[in-house]
Amino acid sequence: MRINDKTPKQDGYYMPAEWHEHRCTYLLWPEREDNWRENAEPAQAVFQQVIQTIAKYEPVVVGVNVSQYAHVLEMNMPNVQVVELANNDAWIRDCGATCVINGRGRLRGVDWKFNAWGGLVNGLYFPWDQDDFIGAKMCAIEGIDRYRTSDFVLEGGSIHSDGEGTILTTEECLLDEGRNPEMSKEQIEEKLKEYLGAEKVLWIPKGIYMDEDTNGHVDNICQFVAPGKVVLAWEDNEDDPQHERSQIALDYLESQTDAKGRKIEVVKIHVPNPVTITAEEAAHVDQVEGTFPRKEGDRLPASYVNYYNCNGAIILPIFDDPHDQAAIDTLKELFPDKVIEPIYAREILLGGGNIHCITQQVPKP
Ligand code: KQY
């Protein structure tokens, strides 16, 4: 398939909202032992649950390194296609293509340059070469043309689109020195508008507390639920460092309008109580030079906002926490026509992200 020389905006393409109907969802299969404990087996069990849950609602494509291919193929999961897709880790939200559509039933992919969340400045592992091919390979499998941003680093978890011209992101992530240090905020904003076919970018100052792996991706703190309406990860306790971050985001969002001039309505979803790594969990992750060690007591960036909005369902991470039910109830009110599918997702969180980070939608054009 072709690489396009212009930008999606110049060609009349834009990123639809996540609730736009999907053709399918992509995931990658986890296995690296310096990120996932106990040979990644506990994480694989939860990934399998996520895959099978999404597959009840839409087709799923799972990309697997050759070493795990037979294992995953033999699971024989209905509505799931298993493809060999070499990867460095399993975060396809970030290394996969962002699909864009036009108003005439066509689909293309944006293949962002990927540098493992900060390259040689503060990236999480080296090399990341296989991950950087995932966007191109997704486009090849889907048989769609792509746009490649060779001079611009971005991960899909750092953006959300309302499908009507507005993009959400965070300053903490996009202005971090590990991605595009030579570019100004205005130049970065211009890239987002060109490659996502958007008119306006809303810059939330900071992401979730301790989301250090991603430098504060927006998909852990805020997500559109409709044009002009978002959910925001919230913390009532003023003594918890999350409170100030959420309050700053709330003040910012309530002071803004979107691309169509609408005020932003904010629905709060309280975060779970602090989730920290146990000694047992820390002990069974391989310590490798060049990757961030997992240490007992480290706080994890737990948030319900990192849910995935697929056809007919919300795939929601839960944490066996007193706040789980409120998150379920709030999302049920926001999406009365969808099934809320809660999944106990601590094992994904231990790897540094959650359900939104491990999924990537291909919209139905
Ligand atoms: O949350 C994400 N989008 C990715 C997190 C990567 C963590 C690697 N340890």
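The model is predicted: local features need pLDDT of at least 70, side-chain atom pairs count only at pLDDT 80 or more, and totals for chains, interfaces and linings use all residues. Residues are numbered from 1 along each chain as its sequence is written, and side-chain values use heavy atoms, with hydrogens and water left out.

- Let's start with β16, residues 313-318; strands here are DSSP runs of E with at least two residues, helices are runs of H or I with at least four, and both are numbered from the N terminus.
- Six of the six residues in β16 are buried, so the strand is largely enclosed by the rest of the structure; buried means under 20% relative accessible area, exposed over 50%, and partly exposed in between, with a 1.4 Å probe and protein chains only.
- In a regular strand, side chains alternate between the two faces of the sheet.
- Both faces of β16 are covered, with A313, I315 and P317 buried on one side and I314, L316 and I318 buried on the other.
- On the antiparallel side of things, β15 (residues 308-310) pairs with β16 over three bridges, where pairing takes at least two DSSP bridges between the strands.
- N309 sits opposite I314 of β16.
- Two residues separate β15 from β16 in their hairpin, and G312 in that turn has a positive phi of about 80°.
- β16 also runs parallel to β17 (residues 339-344), joined by six bridges, and L316 has P342 of β17 as its bridge partner.
- To get from β16 to β17, the chain goes through helix α11 (residues 324-334) in a right-handed β-α-β crossover; that label applies if, with the strands pointing away from the viewer, the path from the first strand over the helix to the second runs clockwise.

**Helix α2**

- Residues buried in α2 include P42, F47, V50 and I54.

**The ligand site**

- The ligand has 13 residues around it, the closest being N35, D94, D213, G351 and C357; the cut-off is a heavy atom within 4 Å.
- G351 brings a backbone N or O atom to 2.9 Å from a ligand nitrogen.
- The protein buries 97% of the 300 Å² that the ligand exposes when taken alone, going by Shrake-Rupley areas with a 1.4 Å probe.

**Loop residue I264**

- I264 lies in the loop between α9 (241-254) and β12 (265-270).
- I264 counts as buried because its relative accessibility is 6%.
- C-alpha to C-alpha, I264 is 9.8 Å from L250, and the two are 14 residues apart in sequence.

Note on methods. Polar contact = N/O pair within 3.5 Å; in protein donor to acceptor, adjacent residues only side chain to side chain.
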